[in-house]
Amino acid sequence: MLTASRDLLSKQEEPKRKFGVVVVGVGRAGSLRMRDLRSPHESSALLNLIGFVSRRELGNIDGVRQISLEDALSSPEVEVAYICSESASHEHHIRQFLDAGKHVLVEYPMTLSLAGAQELWALAEQKGKILHEEHVELLMEEFAFLKKEVVGKELLKGSLLFTAAPLEEERFGFPAFSGISRLTWLVSLFGELSLVSATLEERKEEKYMKMTVSLETKNKCPLSWIEEKGPGLKRNRYLSFHFKSGSLENVPNVGINKNIFLKDQNIFVQKLLGQVSEKELAAEKKRILHCLALAEEIQKFCHSKK
């Protein structure tokens, strides 16, 4: 897995150049990205925040000016786009910026279809540009703890339940896509998975939904993944993994997740500087496409049962 710990610059070295950056979408993720771009961090020293793009007329935010999408696409100053808009618009925005010859960092999921992601990666390769899908969940302290806990252990069965407030599917995608960070956890911990079955329970008038997915590892060990969302449900993650050598029920308090978006930016800058090996890039791309393929398969399975 890629890490954010490589040195980008020697301690005495000044950056020879800065990549001009525009942030598209200034919700929670976009606001955090703008904060990190202006922080005195090693990777931020290689980036120059030129402005932000938003559908709303905001003028400026903390001295950062709003620019039009057209100007962001056409400006030679802008070399990098951070796509932090709603998931449904990711694919279109990525395509626009790659076509304009810009590098792209996008919040997950990069697309709401496997074919879309494959096309965009082919376009990035054709243009010679970096396409980076953020996965801050892999930079969390909880995941680092789990990764250490499962090493060398033989899984018998496991489950992962995530609860949260409702999300609009039109804006954020089918639950298997909007919840793809949980799927990424399972794949990163236990390897590539196969779909056994999936169901979707919906009560639209109550804004409630529950997606239940049965998966299995290459060794045919069952894994259950549940996304449950509705009014009053708090954002929580519950997990249970049973191994031949014992069980793990939920994650203890392993500390605060510090600067995970900044750590992700660090990985992105490593890619811009050519510091990430082809092997690492290929492994990351394979994992991302596998998760998107699973998400799409889950969506089709649920829709076929209606």
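This report covers the domains, pockets, cavity and local backbone features of a predicted model.

## Domain layout

The protein is divided into two parts: domain 1 (19–134) and domain 2 (138–255 + 285–304). Taken over C-alpha atoms, the centres of domain 1 and domain 2 are separated by 27 Å.

The two domains touch. On the domain 1 side, 15 residues are in contact with 14 residues of domain 2. About 1300 Å² of area is buried between domain 1 and domain 2. Carbon and sulfur atoms give 66% of that buried area.

## The annotated N-terminal region

An unreviewed UniProt entry carries the annotation "domain: Gfo/Idh/MocA-like oxidoreductase N-terminal" over residues 19–135.

## The largest pocket

The largest pocket holds about 1300 Å³ of space. Its lining is made of 42 residues. Nearest the centre of the largest pocket lie Arg28, Ala29, Cys84, Ser85 and Phe172. Both domains take part: domain 1 and domain 2 each give at least three residues to the lining.

Several elements each supply at least two lining residues of the largest pocket. The helices are helix 1 (28–37), helix 3 (87–99), helix 6 (169–172), helix 8 (180–190) and helix 9 (260–272). The strands are strand 8 (155–164) and strand 12 (236–243). Helix 3 gives the most, with 4 residues. By class, the lining of the largest pocket has 18 nonpolar, 12 polar and 12 charged residues.

The unreviewed UniProt entry places a "binding site" feature at Val26, Gly27, Arg28, Ala29, Ser54, Arg55, Arg56, Ser87, Ala88, Ser89, His90 and Tyr108. From this set, the lining of the largest pocket takes in Val26, Gly27, Arg28, Ala29, Ser54, Arg55, Arg56, Ser87, Ser89, His90 and Tyr108. Arg28 and Ala29 are also among the residues nearest the pocket centre.

Arg56 sits in a loop, between strand 2 (47–53) and strand 3. Tyr108, also in the annotated set, is joined to Pro109 by a cis peptide bond.

## The second largest pocket

About 380 Å³ of space lies in the second largest pocket. It is lined by 15 residues, and the closest to its centre are Leu167, Glu168, Glu169, Glu202 and Met209.

Four elements each supply at least two residues of this lining: helix 6, helix 7 (175–178), strand 9 (194–203) and strand 10 (208–216). Helix 6 also supplies at least two residues to the lining of the largest pocket. The lining of the second largest pocket divides into 5 nonpolar, 2 polar and 8 charged residues.

## The cavity

How many cavities of 30 Å³ or more does a search of the whole structure find? The search finds 1. The largest cavity holds about 40 Å³ of space. Its lining consists of Glu133, His135, Ile180, Thr184, Arg287, Ile288, Cys291 and Leu292. By class, that is 4 nonpolar, 2 polar and 2 charged residues.

Helix 8 and helix 10 (278–304) each supply at least two residues of the cavity lining. Helix 10 has the largest share, 4 residues. Helix 8 also supplies at least two residues to the lining of the largest pocket.

A further "binding site" feature in the unreviewed UniProt entry is placed at His290, Cys291, Cys302 and His303. Of these residues, Cys291 is included in the lining of the largest cavity. Cys291 belongs to helix 10.

## Local backbone features

Two backbone details deserve a look. The cis peptide bond between Tyr108 and Pro109 has an omega of about -10 degrees. Pro109 is in the loop between strand 6 (103–106) and helix 4 (114–127).

Asp62 has a phi near 50 degrees, a positive value in a residue other than glycine. Asp62 is found in the loop between strand 3 (60–61) and strand 4 (64–65).

Key: Residues are numbered from 1 along each chain as its sequence is written. This is a predicted model: local features need pLDDT of at least 70, side-chain atom pairs count only at pLDDT 80 or more; totals for chains, interfaces and linings use all residues. Side-chain values use heavy atoms; hydrogens and water are left out. On a 1 Å grid over the protein atoms alone, a cavity is a set of points where a 1.4 Å probe fits but cannot get out, and a pocket is an open set with protein on both sides within 12 Å along at least five of seven lines; lining residues have an atom within 4 Å of a point. Grid points are joined across faces, edges and corners, and a volume is the space filled by probe spheres set on the points. Ala, Val, Leu, Ile, Met, Phe, Trp, Tyr, Cys and Pro count as nonpolar, Asp, Glu, Lys and Arg as charged, and the others, Gly among them, as polar. Domain bounds come from an automatic or database domain assignment. UniProt positions are given in the numbering used here, feature names are shortened, and annotations may be inferred rather than shown by experiment. Contact means heavy atoms within 4.5 Å. Buried area is the accessible area (1.4 Å probe) that two parts lose on being put together, summed over both.
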